[in-house]
Amino acid sequence: MSLRVFSSSLLRNYTTSLRASVNRAAYYSTIKKYTEDHEWVSVTDGVGTVGITDYAQKALGDVVFVEIPETGATVETMAQIGAVESVKAASDIFAPLAGEIVESNSALESEPSLINSSPEENGWLCKIKLADVSQIDTLMDEEAYKAHCEH
């Protein structure tokens, strides 16, 4: 086998492998955005995980009750999907994007304090299969959200 044939074959295999890796990375990439009402949504493969931000949980104080949405419900953008009650206040939670609720975090029913201890990880509220993924572009990125909180 000549060096030219060998290197051509190697390059072709590497390029195919690289292209597949890039496609997998794009397929599994996650986008996180925020609303003015302090909800966050982390979108992966057309499904958005929704919760309240660390800023919001600090403002609320110790969370004592969480109302979670029903799986299977269809929601519109900014429709109420739940509520959080704390020792200081109660606050509605709104859907940052339209779609179908495909999962709710039932752990919050018995352990609402997850919102305080892990608001943007274990304290998520629900997962929404998005009706239109491009709606994510209407929400704030992390930098814009931080600026919003400073005002």
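**Aromatic pairing, sheet order and surface of the predicted model**

Tyr-34 and Tyr-145 are both buried, a term that stands for a relative accessible area under 20%, with over 50% called exposed and values in between partly exposed (1.4 Å probe, protein chains only). The structure is a predicted model in which local features need pLDDT of at least 70 and side-chain atom pairs count only at pLDDT 80 or more, whereas totals for chains, interfaces and linings use all residues. Residues are numbered from 1 along each chain as its sequence is written, and side-chain values use heavy atoms, with hydrogens and water left out.

A search of the whole structure returns one aromatic pair, where rings of Phe, Tyr and Trp (its six-membered ring) are paired if their centres lie within 6.5 Å, and are called stacked with planes under 30 degrees apart, edge-to-face over 60 and tilted for the rest. The ring centres of Tyr-34 and Tyr-145 are 4.7 Å apart and the planes stand at 15°, so the pair is stacked. This pair links distant parts of the chain, with Tyr-34 in strand 1 and Tyr-145 in helix 5 (residues 142-150), 111 residues apart; helices (H or I, at least four residues) and strands (E, at least two) are DSSP runs numbered from the N terminus.

Lys-33 also belongs to strand 1, and Lys-33 counts as buried because its relative accessibility is 14%.

Six strands form an open antiparallel sheet in the order 1-2-3-9-8-5, in which strand 1 (30-34) and strand 5 (74-75) are the edge strands, each pairing on one side only; two strands pair if DSSP finds at least two bridges between them. Within this sheet, strand 3 (residues 47-52) and strand 9 (residues 126-130) pair in the antiparallel sense over four bridges, and Thr-49 has Lys-127 in strand 9 as its bridge partner.

Lys-127 also lies over the face of Trp-124, at 5.0 Å from the ring centre, and the charged end of Lys-32 sits over the ring of Trp-40, 4.7 Å from its centre; the criterion is NZ of Lys or CZ of Arg within 6 Å of the ring centre and within 35 degrees of the ring normal.

Val-87 is placed in the loop between strand 6 (80-86) and strand 7 (90-94), and Val-87 is classed as exposed because its relative accessible area is 60%.
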